[in-house]
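Hi,

Please find the structure below. My notes follow it.

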Amino acid sequence: MNAGWRSIRRALRWCRNCQLTVATNERCSCPTPNDHVPVLIADALIGPQVQIGPFVHLYGCTVGEGTRVGAFVEMQRGVTVGPRCKIGSHSFLCTGVEIGDGVFVGHGVMFCNDRRPRAVRKDGTPIGTEDWMLEPVRVGHRASIGSGAIILPGISIGADAVVGAGAVVAKDVPSSTTVTGVPAREKAKP
Ligand SMILES: CC(C)(COP(=O)(O)OP(=O)(O)OC[C@H]1O[C@@H](n2cnc3c(N)ncnc32)[C@H](O)[C@@H]1OP(=O)(O)O)[C@@H](O)C(=O)NCCC(=O)NCCS
Ligand SMILES: [Zn+2]
């Protein structure tokens, strides 16, 4: 590892065979455990019966009872996910995201919290946390977000709403409404 790099984490493992996530000092339910892949959880509040897939990275977030989290999902500090949700593989939930109960998030859904992101200031120095404003995103109970959707900063998605696959959501979505497209618009009722 290069000088200056630090790795601070509590490594967990996911068993390909019984599909349980266990701490490094625990055993999964297989008689002879092998074939484990990493899961990283640090400083997160995880409810009972939460299922966590391989290569997941959760830090400083809260995940409610019975929620299923797919492979390669990342949840940043301060994220809250309610109970009985399903978060599809490869989705990214950034700081400021609040997800209600029973919400479906498809694969590769990207949440955003910085409307005009920059890497550096005008003088070329790196942007710090004080240089941008976080805009939280809220998703109501039982809403469903299709795979590949992008949810822009500050958006609220109402309860029971549906966001189509690949939509770019730039305006709030009212409850029980279906939106699709780029930018996402209410889908005409048949
Ligand atoms: C939005 C959605 C719920 C609509 O389903 P539906 O009501 O059965 O809609 P239909 O398939 O009858 O399509 C109706 C019209 O909307 C269009 N459409 C459907 N989904 C769309 C989408 N995501 N983006 C853009 N247009 C879409 C169809 O092409 C069709 O257009 P047309 O009327 O011009 O022919 C669904 O298509 C969708 O995107 N589901 C998410 C799937 C997903 O991501 N699953 C994740 C885990 S596998
Ligand atoms: Zn096992």
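**What was found**

In β16, Val-139 is the bridge partner of Ile-99. That pair belongs to a parallel pairing of strand β13 (residues 97-99) with strand β16 (residues 137-139), made over three bridges. Two strands count as paired if DSSP finds at least two bridges between them. Strands are DSSP runs of E with at least two residues, helices are runs of H or I with at least four, and both are numbered from the N terminus.

Some ground rules. The model is predicted, so local features need pLDDT of at least 70 and side-chain atom pairs count only at pLDDT 80 or more, while totals for chains, interfaces and linings use all residues. Residues are numbered from 1 along each chain as its sequence is written, and chains are lettered from A and ligands numbered from 1 in the order in which they are written.

**Confidence**

pLDDT is the predictor's confidence in each residue, from 0 to 100. The protein averages 91, and 93% of the residues score at least 70. Confidence is lowest in strand β2 (residues 21-23), with a mean of 82. It is highest in strand β14 (residues 104-105), at 99.

**Overall build**

The protein has zero helices and 23 strands. Its C-alpha atoms fill a box of roughly 55 × 50 × 20 Å along the principal axes. Of the 190 residues, 29% are buried. Buried takes 20 or more other C-beta atoms within 10 Å of the residue's own; exposed is 12 or fewer, partly exposed is in between, and C-beta atoms are placed from the backbone. Contact means that two such C-beta atoms, placed from the backbone, lie within 7 Å. Among contacts with a separation of 6 or more, 20% link residues 24 or more positions apart.

**Sheets**

The β13 and β16 pair sits in an open sheet of six strands, ordered β4-β7-β10-β13-β16-β19, with parallel pairing. Its edge strands are β4 (45-46) and β19 (156-157), each pairing on one side only.

An open sheet of eight strands runs β5-β8-β11-β14-β17-β20-β22-β23, and its pairing is mixed. Here β5 (51-52) and β23 (185-186) stand at the edges with a single partner strand each, so one side of each has no neighbour in the sheet. Within this sheet, strand β17 (residues 144-145) pairs with strand β20 (residues 162-163) in the parallel sense over two bridges. Ser-144 stands opposite Val-162 in β20.

**Core**

Which residues have the most contacts inside the largest nonpolar core? They are Val-97, Phe-111, Ala-149, Ile-151, Ile-157, Val-163 and Val-169, in a core of 39 residues. The elements giving two or more residues to this core are β3 (36-42), β13, β16 and β18 (150-151). A nonpolar core is a set of buried Ala, Val, Leu, Ile, Met, Phe, Trp, Tyr and Cys residues joined through C-beta atoms within 7 Å.

Ile-157 lies in strand β19. It counts as buried because it has 28 C-beta neighbours inside 10 Å. Leaving aside neighbours within four places in sequence, Ile-157 contacts Val-139, Gly-140, Ala-143, Val-163 and Val-173.

**Ligand 1**

The residues around ligand 1 are Gly-88, Gly-106, His-107, Gly-146, Ser-147, Val-162, Gly-164, Ala-165, Gly-166, Thr-178, Thr-180 and Gly-181. Each has its C-beta atom, placed from the backbone, within 6 Å of the ligand. The shell divides into two nonpolar, 10 polar and no charged residues. Ala, Val, Leu, Ile, Met, Phe, Trp, Tyr, Cys and Pro count as nonpolar, Asp, Glu, Lys and Arg as charged, and the others, Gly among them, as polar. One shell residue, Gly-106, is 51 residues from Ile-157 in sequence and 15 Å away in space, C-alpha to C-alpha.

**Backbone points to check**

- The peptide bond from Val-182 to Pro-183 is cis, with omega near -10°. Pro-183 is in the loop between β22 (178-180) and β23.
- Asp-43, in the loop between β3 and β4, has phi near 60°, a positive value in a residue other than glycine. Asp-43 is exposed because it has 12 C-beta neighbours inside 10 Å.
- Asp-160, in the loop between β19 and β20, has a positive phi near 65°. Asp-160 is partly exposed, with 16 other C-beta atoms within 10 Å.

Best wishes
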